[in-house]
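Please view the sequence and the model together while reading.

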Amino acid sequence: MEFKITKSFGRILKEKGIDENGRVQKFIDSEVIRRCKPLVPFRSGILESSADKSDIGSGLVVWETPYAKKQYKENKGQGLRGKLWFERMKASQKDDIVRGARKYVEW
């Protein structure tokens with residue numbers, strides 16, 4: 001039996017929406033921001049909304065304020081809001097995000 005692959009792996013990923021800046025990565029980035037919002041420390045809302053400026057689809061979500069790093073590592077928290085918000089969200093909601101992302105892959 002003989003066969004020939006005529007599409008590159010990168011092209012297949014792009015067609016399925018799995019490439020960088022593809023619909024699957026955009027979904028994942030958006031879900032990370034949405035699901036982290038209730039966990040991010042909140043005083044004025046600037047830290048929480050700073051992730052909205054991230055390049056959705058790049059695979060990199062950034063909370064960009066001068067104090068973001070300190071809050072991420074040291075915030076004492078109040079209710080659900082506090083330090084390590086991404087890690088805590090990932091531990092409890094990663095499987096839901098993966099299930100949602102699978103719906104965006106066209107097979």
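Rings of Phe, Tyr and Trp (its six-membered ring) are taken to pair if their centres lie within 6.5 Å; planes under 30 degrees apart count as stacked, over 60 as edge-to-face and the rest as tilted. By this rule there are three aromatic pairs. Helices are DSSP runs of H or I of at least four residues, numbered from the N terminus.

This is a predicted model, in which local features need pLDDT of at least 70 and side-chain atom pairs count only at pLDDT 80 or more, while totals for chains, interfaces and linings use all residues. Residues are numbered from 1 along each chain as its sequence is written, and side-chain values use heavy atoms, with hydrogens and water left out.

Tyr72 and Trp85 are both buried, a term for under 20% relative accessible area (1.4 Å probe, protein chains only). Together with Trp63, Tyr72 and Trp85 form one aromatic cluster.

Asn75 is located in the loop between α4 and α5. Asn75 counts as buried because its relative accessibility is 19%. Its side chain makes a polar contact (a pair of N or O atoms within 3.5 Å; within protein, one must be able to donate a hydrogen and the other to accept it, and residues adjacent in sequence count only if both atoms are side-chain atoms) with the side chain of Gln71, at 2.5 Å. The Asn75 side chain also reaches the backbone nitrogen of Gly77 at 2.6 Å.

Definitions and conventions
Buried means under 20% relative accessible area, exposed over 50%, partly exposed in between (1.4 Å probe, protein chains only). Helices (H or I, at least four residues) and strands (E, at least two) are DSSP runs, numbered from the N terminus.
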